[in-house]
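Visitor: I would like to learn how to read a structure like this one. Please take it feature by feature.

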Amino acid sequence: MRNNPKNTPLAAFFGGTFDPIHYGHLRPVGALARQVGLTRITLLPNNVPPHRPQPEASAAQRKAMAELAVADNPLFDVDDRELQRATPSYTIDTLEGLRRERGARAPLAFIIGQDSLQTLHLWHRWQDLLGVCHLLVCARPGYSDTLSTPELRQWLARHRAQAPLALHQQPHGLIYLADTPLLAISATEIRQRRHRHDAVNDLLPPAVLHYIDTNGLYRQA
């Protein structure tokens, strides 16, 4: 694997349904950025997640909430390419598209949580991911970085980066386990609280909550 010859900044992408986006998304990846030396994280809202229930909010609403959540934070931007699809959002397809755009030698990374690391072997074409990008793994409450089978543990050990510098020096192929804050916040919890008319002020940015209230989201009839 050839090194990055022009010191192209490491580009990191963070996908999710974001139904709604909340501090459990934003704060750990902000901490990850400081650890790894990221200058930009691009949010990729999913359209039709293949392995999860369909979102309550529409694609346009989830995009709007993501944009509001990061409007005042120069670390983040939002890419809506997956929302343009009518087909399931397979991560490998999106990453291959980004790789074609960025070129073969630009460092690319995809951010996941430890929960996703545990089930990565169930993803569509998961074994192709490291041929396209690095994986940056945020800690999650209740999840370990020990994988379920000897083969998966060997795979992790073979690709694990101990220091962030390597992520900037090669285009793909590494896994970095970050020491990020453990925030027990989930979009499911937020939706359930809203259904019960309970407060969620401490769980997501004020601009996102204002949008949710204004649009009457996550209220049961």
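Guide: Start with the elements: helices (H or I, at least four residues) and strands (E, at least two) are DSSP runs, numbered from the N terminus. A crossover is right-handed if, with the strands pointing away from the viewer, the path from the first strand over the helix to the second runs clockwise. Here strand 1, helix 1 (residues 23–36) and strand 2 form a β-α-β unit that is right-handed. This is a predicted model, in which local features need pLDDT of at least 70 and side-chain atom pairs count only at pLDDT 80 or more, while totals for chains, interfaces and linings use all residues. Residues are numbered from 1 along each chain as its sequence is written, and side-chain values use heavy atoms, with hydrogens and water left out.

Visitor: Which strands does strand 1 pair with?

Guide: Two strands pair if DSSP finds at least two bridges between them. Strand 1 runs parallel to strand 2 (residues 41–45), joined by five bridges, and alanine 12 stands opposite isoleucine 41. Strand 1 also pairs with strand 4 (residues 108–113) in the parallel sense, over four bridges. On that side alanine 11 faces leucine 108, and phenylalanine 14 has isoleucine 111 as its bridge partner.

Visitor: What lies parallel to strand 4 besides strand 1?

Guide: Strand 5 (residues 134–138) does, with five bridges to strand 4. One of the pairs there is alanine 109 with histidine 134.

Visitor: Why is strand 4 said to be largely enclosed?

Guide: Buried means under 20% relative accessible area, exposed over 50%, and partly exposed in between, with a 1.4 Å probe and protein chains only. Six of the six residues of strand 4 are buried, so the rest of the structure largely encloses this strand. Leu108, Phe110 and Ile112 point one way, Ala109, Ile111 and Gly113 the other way, and all are buried. In strand 1 (residues 11–16), five of the six residues are buried, so that strand is largely enclosed too.

Visitor: Which residues does tryptophan 155 contact?

Guide: Contact means heavy atoms within 4.5 Å. Leaving aside neighbours within four places in sequence, tryptophan 155 is in contact with Leu117, Leu120, Trp126, Leu130, Leu135, Leu147 and Ile175. Tryptophan 155 belongs to helix 5 (residues 150–159) and is buried at 11% relative accessibility.

Visitor: Is glutamine 61 buried or exposed?

Guide: Glutamine 61 is buried, at 19% relative accessible area. This residue sits in helix 2 (residues 59–69) and touches Tyr211 and Leu217, not counting residues up to four places away in sequence.

Visitor: Which residues line the second largest pocket?

Guide: On a 1 Å grid over the protein atoms alone, a pocket is an open set of points with protein on both sides within 12 Å along at least five of seven lines, and lining residues have an atom within 4 Å of a point. The lining here includes Tyr23, Arg27, Asp72, Asn73 and Phe76. Helix 1 gives the most, with three residues, and helix 1 and helix 2 each supply at least two.

Technical notes
On a 1 Å grid over the protein atoms alone, a cavity is a set of points where a 1.4 Å probe fits but cannot get out, and a pocket is an open set with protein on both sides within 12 Å along at least five of seven lines; lining residues have an atom within 4 Å of a point.
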